[in-house]
Amino acid sequence: MLASAFTMMRAKADFVQQFIRNPRAIGSITPSSEALCRAMTEAVNLQRPLRIAELGAGDGVLTRQILLRMGSKCQLDAFEISPPLVEKLHQINDPRLHVRACSAELLSGEYDVVFSGLPLLSLAPALRNTILAAVHDVLGTHGVFVQFQYTSLTQPDLSRYFTWQRQRVLKNVPPAWVYRCTRHYAP
């Protein structure tokens, strides 16, 4: 039990260290809570065959929850730019997971679901718009984009590309908004 407590503390310390190195890219000082991950994964039905993307996969907290909930015929592409966090993602042993060590702005193809923990407000406006446009373009007709944010200040950006509903998750540090977005028109 003591060993698992030390392992958890080391993981949290690694995450804090990544945040200190690049707060604009990491966006939070702590990983997402179980409650936040649950709210995100419950926003869509992951049991049917799907192609799923996760943007800003970080250390894999949400990635693991997606893998637990998604069906056996689903595929998950996890995008992450931090080399140490990419290494952590490569340690997840699941053939349905494909780690992409590149920026979310390179998102292409077609996806049924896109999850994102990207700190949109911390990104330069041009990059934020490039990523949101890419998400809009890769979503199939009935695709869903699930984004969490700590502030509602990015709602105008989301509204440019999507129709959305939101849910507040208080059991997270800090509390977060989960946006469930669908395409509504071409921007």
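Q: How many disulfides does a search of the whole structure find?
A: The search finds 0 disulfides, a disulfide being a pair of cysteine sulfur atoms within 2.5 Å. This is a predicted model, in which local features need pLDDT of at least 70 and side-chain atom pairs count only at pLDDT 80 or more, while totals for chains, interfaces and linings use all residues. Residues are numbered from 1 along each chain as its sequence is written, and side-chain values use heavy atoms, with hydrogens and water left out.

Q: Why is Cys-102 called buried?
A: The relative accessible area of Cys-102 is 16%. Buried means under 20%, exposed over 50% and partly exposed in between (1.4 Å probe, protein chains only), so Cys-102 counts as buried.

Q: What makes Cys-181 count as buried?
A: Cys-181 has 0% relative accessibility, and therefore it is also classed as buried.

Q: What is the mean pLDDT of the protein chain, and which residues stay under 50 with how many contacts?
A: The mean pLDDT, the predictor's confidence in each residue from 0 to 100, is 88 for the protein chain, and 83% of its residues reach 70 or more. Where pLDDT is low, the predicted coordinates should not be read in detail.

Q: How does the reach of helix α6 compare with the expected span?
A: Helix α6 (residues 125-138), a DSSP run of H or I with at least four residues, has 14 residues and reaches 20 Å from its first C-alpha to its last. The expected span is 1.5 Å times one less than the number of residues, and α6 is close to the 20 Å expected.

Q: Which residues of α6 are buried, and what covers them?
A: Arg-128, Ile-131, Leu-132, Ala-134, Val-135, His-136 and Val-138 are buried. Their cover includes β1 (51-55), β4 (111-116) and α7 (155-161), among others.

Q: Why is helix α3 described as mostly covered?
A: In α3 (residues 34-41), 6 of the 8 residues are buried, including Leu-36, Cys-37 and Met-40. The buried residues of α3 pack against α4 (61-69), β4, β5, β6 and β7.

Q: How are β1 and β2 known to pair?
A: Pairing requires at least two bridges found by DSSP, and β1 and strand β2 (residues 75-79) share 5 bridges in the parallel sense. In β2, Phe-79 is the bridge partner of Leu-55.

Technical notes:
Helices (H or I, at least four residues) and strands (E, at least two) are DSSP runs, numbered from the N terminus. Contact means heavy atoms within 4.5 Å.
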